[in-house]
Structures are given as structure tokens and as C-alpha cells.
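Here are my notes on the model you passed along. Have it open while you read, and go through the points in order.

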Amino acid sequence: MKRFFLVLTLLLSAFLSLQVATAADKIVSIDGSSTIYPITEAVAEEFQMENRNIKVVVGISGTGGGFKRFCRGEIDINDASRPIKASEIELCKENGIEYIELPIAFDGIAVVVNPGNDWVDYLTVEELKKIWEPEAQGKVLYWSDIRPEWPKGKITLFGPGVDSGTFDYFTEAIVGEAGASRGDFIASEDDNVLVQGVSRDKYALGYFGFAYYLENQDVLKVVPIDDGVAENGEGPIEPTFETISKGLYQPLSRPLFIYVNKASADREEVRKFVRFYLENAKWLVEEIGYVALPDSVYELALKRFEERKTGTVFGSQGAKVGVSIEELLQMEGE
């Protein structure tokens, strides 16, 4: 009799272990943009409170780094602060990866300086180009190289790494070619490193997502940008929720995305997570400091996901400057 109960106990233990292992196997793997990381991490935390048997793992390797893993089939979802590039489309195609492109928020890239900087009240797009273009390396070294009346303090530049979607978008918008930049700047995929760098150096200048500026505005000074286009408003425009949402903060406003592996979407845990993401993105996006999309865009994005509509509405252009929320809505309706 004792032997019977021993065998029964062992069988029950094995069954329970199997159940635990099965539950542990329910993992949603995500990587990509440091800009979108706070949104996805917040969604993941809320989701896991309601779904204890599903683990959501969120990494930060930059938009480009995430796409490399995504297009090799290593992760389920890529956070992207720009649309997918032609080279990434080709890599996904080579590996048989179909993807669903879903907009989740709008963002502005904040240009920031140290609070001790009392000479910069705004910058023009041309001045930003003069600072960041490849030809500036070894030539534009001091603030006085930008405007003669500014001090001859050596500019320390901070920016996202080359795998970052923010890097791609900024260089496209400011220099005119994605990836075209001087190389002598301090780069990091972790925006918190950039914040710390600018906050500690009086002569520093950097750029990163608007939400990171909001979170650290007590140790940073944001720089209004003048794009010279009267339709976007006269004079320099500072990034705010209003100027970003209305498309006035140009050319540094942009949509943010998640890309979902179509095959992964057939798994229950991924399907549940993406639905939860799109249904709860609006309030989480605003809570964290990004600009939420209209309800109609989230509804169309959910429809796109449910229908497993693959591909990108941007063709193979990659970073596209000046896309408004209204244009995004029209694209999603196509």
C-alpha cells in the first residue's frame, strides 16, 4: 500500500513539474528600441499581472540591433523607432520571416544641453546639420564655430548608437541621409547614459526621445528648433505634447512601432500580449510621457493585427521624415 502511494506521489510530482515547465515555456521575447522600451516594459508589467503564466522578456539593443534578431527569427516582437529598412526587409525575406507593422505612439526627438548653458536659446536645422554632418568632424569643435558670439568651449556630443532608430531618423531629418553623421561623439543605446553625460558637462549637446527629456528635465535644458517652415509655426518650436501631436515640432517628430513576427502571432501568449498592448497603449503611452495616437489608429492597428496584414506601409524607405498622425491614420486605412 505504501509503495502504491509512493508511486502515486511521484507521478503527481512529475505531472506538476510538467505543468510548471509548460507554463514557464510561455515566453514573449522582445528587443529593439531604447526609446520604446519604457512603453513596452510598462505594458509587459501590466500584462503579466493579469497573466501570471506568461513571461515577457524585453531587451534593448536599438532598433537596428533588434531588427537583426527579429529578421533571424530569434525574437517575437521588435520595438522600432523608425519603419523597417530595405536591407532589413530583405533579411526577413531571406529567413522566411513575415511581419506585422503596428504603430503604437508618436514621439519627438529632444535636442538638449546642460542647464549651465546660458548662451543657446534655440538652434536652426542648418546649425544642427553643421554640428552633426560627417564633414563637421575635426572642424566644428567649439560652440563659437556655430555662432561667433558663443563661447570657445569645446562641444561634447552625445547621441544614440548606430543601431538606434533614433540615430537613423535624426540623421535623415537633419543631415539628409540616414546614418550620415560625424563619428566623434559619445554613443550609447541606453538613453540614460546620454542623459547623465549631458547633465554633467556644461558644454555638452545631445539628442534622444522626448520622454527621456521629460523624465530628466530637472537636469537638462531642451533646445527649441527652427526648421524655417512657416506652416509649422513661426520661429523656434519647443517639443511639447501639443507641438508633437499637431506636427508643429518639425522635422523631429515621428511615429513609433512594434513589429510582430506573423508566425509568433499564432501562439496564444503572443496573440494575447499584442491585443493587450494595442488595447491599453493609449493610457500607458500618455502616462510615461509619449504622445498617444487617436483611438481610430489603435483600432485600425488591432484590425491589421487580427487580419495578419503583413508588410510595411512605408515601402522600403525606412525613416520617413514629417509623417503626421493624420497621414499615419490614412496609411493604416489602406
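**Notes on the predicted model**

1. Start with a helix pair. In this predicted model, the axes of helix α2 (residues 37–50) and helix α10 (residues 268–288) come within 8 Å and cross at roughly 120 degrees. Angles of 65 to 115 degrees would count as roughly perpendicular and those over 145 as roughly antiparallel, so α2 and α10 are oblique to each other. The crossing of α2 past α10 is right-handed.

2. Which residues of α2 and α10 meet? On the α2 side, they include P38, I39, V43 and F47; among their partners in α10 are F273, F276, Y277, W283 and L284. Sorted by type, the residues of this contact are 13 nonpolar, one polar and four charged.

3. Now the chain as a whole. It has 12 helices and 11 strands, and 51% of its 334 residues count as buried. Its accessible surface comes to about 14800 Å², with 51% of that belonging to carbon and sulfur atoms. Among contacts with a separation of 6 or more, 76% are between residues 24 or more positions apart.

4. Two backbone spots deserve a look, since most residues other than glycine have a negative phi, and most peptide bonds are trans. Q250 and P251 are joined by a cis peptide bond, with omega about 5 degrees. P251 sits in the loop between α9 (241–245) and β11 (253–261).

5. The other spot is R308, a residue other than glycine with a positive phi, near 55 degrees. You'll find R308 in the loop between α11 (295–306) and α12 (325–332). Is R308 buried or exposed? The cut-off for buried is under 20% relative accessible area, so R308, at 17%, counts as buried.

Key
Residues numbered from 1 in each chain as written. Predicted model: local features only at pLDDT ≥ 70, side-chain atom pairs only at ≥ 80, totals over all residues. Heavy atoms only, no water. Axes fitted to C-alpha atoms, helices over the stretch in contact; angles between N-to-C directions. Helix = DSSP H or I, 4+ residues; strand = E, 2+ residues; numbered from the N terminus. Parallel < 35°, antiparallel > 145°, perpendicular 65-115°, else oblique. Left-handed = near helix turned anticlockwise from the far one by under 90°. Contact = heavy atoms within 4.5 Å. Nonpolar A, V, L, I, M, F, W, Y, C, P; charged D, E, K, R; others polar. Buried < 20%, exposed > 50% of the residue type's maximum accessible area, 1.4 Å probe, protein only. Areas by Shrake-Rupley, 256 points an atom, 1.4 Å probe, with all protein chains shown as cover.
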